[in-house]
Amino acid sequence: MKRRFLSFLLLLTSLTAAAFAADLPPAWRSWHYSRSILGIPTDMRDPVSLRLPWDLFVHSEAHSADFRIVDEVGHEIPFFLVSSQDGEAKVEVRPSQILERSFVVGQFTQVVIRVTDKSPLDESHGVTLQQLSAEPWFNSYRISTPEADFMYWVETAVSDDAHEWRVVDARSPISRFRKHQLEGNQTVQFEGYSNQRFLRVRIFDPEHQISVSNVEVLSQDSRSEPERSSIPSVFAPDSSADPTESRWLADLGTSNLPVSEVDFSTAQPEFYRAVRISTSEDNKDWSYRCAGEIYRFRRGEKLRESLRILVPEIFARFWRIEIVNANDQPLANIHLELRGLPRGLSFPVEPGHSYRLLFGNQKATSTQYDFGRVFGGSKRKVFILARLGPEEITPNYADPRPFTERHPNLLWIALGVAIGLLGYAALRAMRTPDSAAQ
């Protein structure tokens, strides 16, 4: 008897789940797609977390405004979206003054900067170095130069007295490629921080003195970037009108994927190349998005490389990556990859219930739940990770768009019919004799 009851219960549960997967309740018929949420323990009462796979965004709204979670009877379940988005790194300018610009023939241009916690204006009013309080910390600087096209190596040293110097970075690149409409990078960042009062910059070019109009001393956050995950993309080589550039194209198939990083890999042992990134929605009209540099070189026994370019989060279907080779050969065995900050969501669960994620409603607007404001702002952690089942099309789907949006061709057909009727009426009027003339 007990076995029959259990069999009947399992059959009833299966039929209920099948019916729920087949047809959505009337309130949710405007959502074209859904995926069941799996892996939730049957006795779970705390909120659970769910990692959103990238293929989910193919049929959903780019910013997740159409996401809804419902249980097996169609009750809406609150949730909040989770993203590892970080704000921009904090950059502070440290007051400084250039003390020396010089040139050692056949070797380098040298610039010596005094770093203070007071502006030169304060010092001109009688504030001496002995009166200055604790020296400011810094870990980078930006060189301003009117030169248009260059790539130089720079040495960075610091000192307390401008006599005995300690090299904190023996070799870092700065560049600009205005011939290719690229501003390059003129900022040098070294490991750690320094609070010493003098900064020495040597720019290595034996042929002429580099014109340096200013050096901004900076303090930048050295926090680590959040981990990004690979976005499915395949780059194919493309011909470029400029023989000094290499070009690759990728079609993501959708504009809903949040790309925030471009990664490169190559077998080239040492190089320095400028990169231009553009996007398009139709593979015809392209918009410039950003630029950067990739490089790899050795400094003694230490390998230094930068093979990724961070971009402001961009939603676009077509991506074009261009690498400026100048007179060098293209990079060997290069591979390109798009990456994005992972998305997830958390929601409360009750024992004995099943849940489903709905998406694919162009008319849906973003949600706001108390759960997101209360739980999302707390320090509680969610350890249980659920997962999504395969995508399912809603059989009883009801398109929420107005009739004219669902059938745009009907407007043109109606307009053509109206023009035809007006032309026919005008033609008949011209052929009918005027009654006054008769």
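This is a guided tour of one protein chain, stop by stop, for use with the structure open in a viewer. The model is predicted.

**Stop 1: the whole chain**

Start with everything shown as a cartoon. The protein chain has five helices and 28 strands. Its 438 residues are 40% buried. The accessible surface of the protein chain comes to about 24,900 Å². Carbon and sulfur atoms hold 53% of that area.

How far apart in sequence are the residues that touch? Take the contacts between residues at least 6 apart in sequence: 77% of them join residues at least 24 apart.

**Stop 2: a five-stranded sheet**

Return to the cartoon. Select β7, β8, β13, β10 and β11. These five strands form an open sheet, in the order β7-β8-β13-β10-β11. The pairing is antiparallel. Strands of a sheet pair through backbone hydrogen bonds.

Which strands stand at the edges? They are β7 (96-104) and β11 (166-177). Each has a single partner strand, so one side of each is left without a neighbour in the sheet. Look along the sheet for its twist, which averages 20° from one strand to the next.

Zoom in on β7 and its partner β8, residues 108-115. Eight bridges join the two strands, which run antiparallel. Find Arg101, then look across to β8: Val111 stands opposite.

**Stop 3: a four-stranded sheet**

Next, select β15, β24, β18 and β22. Here four strands form an open sheet, in the order β15-β24-β18-β22. Its pairing is antiparallel. The edge strands are β15 (229-231) and β22 (308-315), and each pairs on one side only. Neighbouring strands of this sheet are turned by 40° against each other on average, direction ignored.

Look at β15 beside β24, residues 335-340. Three bridges join these antiparallel strands. Show Ser229 and you will find Gly340 of β24 opposite.

**Stop 4: a covered strand**

Select β14, residues 214-220. Is this strand mostly covered or mostly open? It is mostly covered, with five of its seven residues buried.

One is β6 (residues 91-94), which runs antiparallel to β14 and is joined to it by four bridges. Pick Arg94: its bridge partner in β14 is Val217. The other is β9, also antiparallel to β14, with five bridges between them. Pick Ser144: its bridge partner in β14 is Asn214.

**Stop 5: aromatic rings**

Show the side chains of Phe, Tyr and Trp. The count comes to 13 aromatic pairs.

Begin with Phe57 and Phe67. Their ring centres are 6.2 Å apart. Why is this pair called tilted? Planes under 30 degrees apart would be stacked, and over 60 edge-to-face. The planes here stand at 50°, so the pair is tilted. Both Phe57 and Phe67 lie in the loop between β2 (48-52) and β3 (68-71), so the pair ties together parts that are ten residues apart in sequence. Phe57 and Phe67 are both buried.

Move to Phe138 and Phe190. This aromatic pair is edge-to-face, with 90° between the planes and 6.1 Å from centre to centre. Phe138 is in strand β9 (residues 138-144), and Phe190 is in strand β12 (residues 187-194). The pair links distant parts of the chain, 52 residues apart. Phe138 and Phe190 are buried too.

Then select Trp153, Tyr272, Tyr295 and Phe297. Ring pairs link these residues into a cluster. The charged end of Arg171 sits over the ring of Trp153, 3.8 Å from its centre.

**Stop 6**

End with the backbone. Select Ser64, in the loop between β2 and β3. Ser64 has a positive phi of about 65°, although it is not a glycine.

Go on to Gln181, in the loop between β11 and β12. Gln181 is not a glycine either, yet it has a positive phi of about 60°.

Gln181 is exposed, with a relative accessible area of 64%.

Note on methods
Residues numbered from 1 in each chain as written. Predicted model: local features only at pLDDT ≥ 70, side-chain atom pairs only at ≥ 80, totals over all residues. Heavy atoms only, no water. Phe/Tyr/Trp six-rings, centres within 6.5 Å; stacked < 30°, edge-to-face > 60°. Buried < 20%, exposed > 50% of the residue type's maximum accessible area, 1.4 Å probe, protein only. Lys NZ or Arg CZ within 6 Å of the ring centre and 35° of its normal. Pairing = 2+ DSSP bridges. Axes fitted to C-alpha atoms, helices over the stretch in contact; angles between N-to-C directions. Contact = heavy atoms within 4.5 Å. Areas by Shrake-Rupley, 256 points an atom, 1.4 Å probe, with all protein chains shown as cover.
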